[in-house]
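Take a walk through this structure with the viewer open. We start with paired strands and end with aromatic rings.

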Amino acid sequence: MKKRIGIIALLLGMSMSMQAKILRVNNSPNIEAGYNSLSNALLDAAIGDSIYLEPSSQAYGERDAYGFNDMKINKQVTILGPGYYLAENKITEYAAGESFIGGTVRITADNVNISGVIMANVRIEANNATLQRCQILNGSSTAVKINTDVNGSVIEQCFIVGDIQGQNYPHNVMVSNNIICGNVLTLERSRIEHNTFGKYNRFGTVRDLKFCTIIENIMENQGKSKNNTSAFVNNFVGDYTNFMEKADFTLDANYRIKLGAPISTKASDGGPLGAFGGELPYVISGLPDVPVISNITGPTSVNSYQGLPITVTYKIDK
């Protein structure tokens, strides 16, 4: 039997235990999947379903002559992709390719989870959204915008180029263990913890925050909170380029802190400051937190007495 390598999104265990469906989406030519567009999968999805965007050379989303239309996530679902920078980080045990959603992704339902997907920009318009292990690339503009009336959302373990910005101070936003090449600004009663503020065309920082906690981050310049109402605790502020594994801000793996660097043991738990420290460290390439089958082996022939012995090798990246 041939070896097969690929991501198996939550597999049968989750479907059986939670009575949720897994909807496969692949828009590559000559590939058979349940759906060839994310929009059609969302139409059929029920609350609690998972949508797996398989790797594709084509962007997911509807477009016209002027560009991609907004993609509304209007149901409580989990959208799962394969991660990013797989080739650059020489990760070979996962299926090659990435899943990119074109246009603005607008989260309009509560309790939406998106993981392992590449997006240009995201707008959070409902409560308790989670962006985990995503790559969000919007240059010097806003990568993630959070609406005024949002109360609760999580942005964790992401690689973000652009700002994370609240619109008129939304509440209870957790921004943790991200690499952020941009600013975090205009949030209230939120927590910004264990992030590394990096650089593409500029260094990022925090500013215009109200009653927030900014703890154990790495940043070149410390921003200011609104009316000095926020607490800054155990952050490193300064040039940390020489502490990185490689002085290249374009690849996430390079942001790991060298063993023996001054900030490698400065966190409250004795570990490193920044994205690769804390209880939920950044995961290189945004590899998904689901079972991944790396190998299936079995005999080339069987008989009625022998049965069909199969060995399945899988891993989970926490």
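Predicted model: local features only at pLDDT ≥ 70, side-chain atom pairs only at ≥ 80, totals over all residues.

Glutamine 135 stands opposite phenylalanine 159 in S14. Keep that phenylalanine in mind.

Now turn to another set of strands. An open sheet of 10 strands runs in the order S2-S3-S7-S9-S11-S13-S15-S18-S21-S23, with parallel pairing. Strand S2 (22–25) and strand S23 (231–233) stand at the edges. Each has a single partner strand, so one side of each is left without a neighbour in the sheet. Neighbouring strands of this sheet are turned by 10 degrees against each other on average, direction ignored.

S2 runs parallel to strand S3 (residues 50–53), and four bridges join them. Arginine 24 has tyrosine 52 in S3 as its bridge partner.

How far can the model be trusted? The protein chain averages a pLDDT of 88, and 86% of the residues score at least 70. Over residues 1–17 the pLDDT is below 50. That stretch still has 45 contacts in the model beyond near neighbours in sequence.

Next come the rings. The whole structure holds nine aromatic pairs. In one of them, tyrosine 240 and phenylalanine 249 have ring centres 6.3 Å apart. Their planes stand at 85 degrees; planes over 60 degrees apart count as edge-to-face, so this pair is edge-to-face. Tyrosine 240 is buried, at a relative accessible area of 2%. Phenylalanine 249 is buried too, at 14%.

Phenylalanine 276 and tyrosine 282 form another edge-to-face pair. Their centres lie 5.3 Å apart, with the planes at 65 degrees. Phenylalanine 276 is buried, with a relative accessible area of 16%. Tyrosine 282 counts as buried at 4%.

Ring pairs also build a cluster. Its members are Tyr84, Tyr85, Phe159, Phe203, Tyr240, Phe249 and Tyr255. Phe159 is the residue that stands opposite glutamine 135.

Finally, find the charges over rings. Arginine 63 lies over the face of phenylalanine 68, 4.5 Å from the ring centre. The charged end of lysine 210 sits over the ring of tyrosine 169, 4.2 Å from its centre.

Notes
Residues numbered from 1 in each chain as written. Heavy atoms only, no water. Pairing = 2+ DSSP bridges. Helix = DSSP H or I, 4+ residues; strand = E, 2+ residues; numbered from the N terminus. Axes fitted to C-alpha atoms, helices over the stretch in contact; angles between N-to-C directions. pLDDT = per-residue confidence, 0-100. Contact = heavy atoms within 4.5 Å. Phe/Tyr/Trp six-rings, centres within 6.5 Å; stacked < 30°, edge-to-face > 60°. Buried < 20%, exposed > 50% of the residue type's maximum accessible area, 1.4 Å probe, protein only. Lys NZ or Arg CZ within 6 Å of the ring centre and 35° of its normal.
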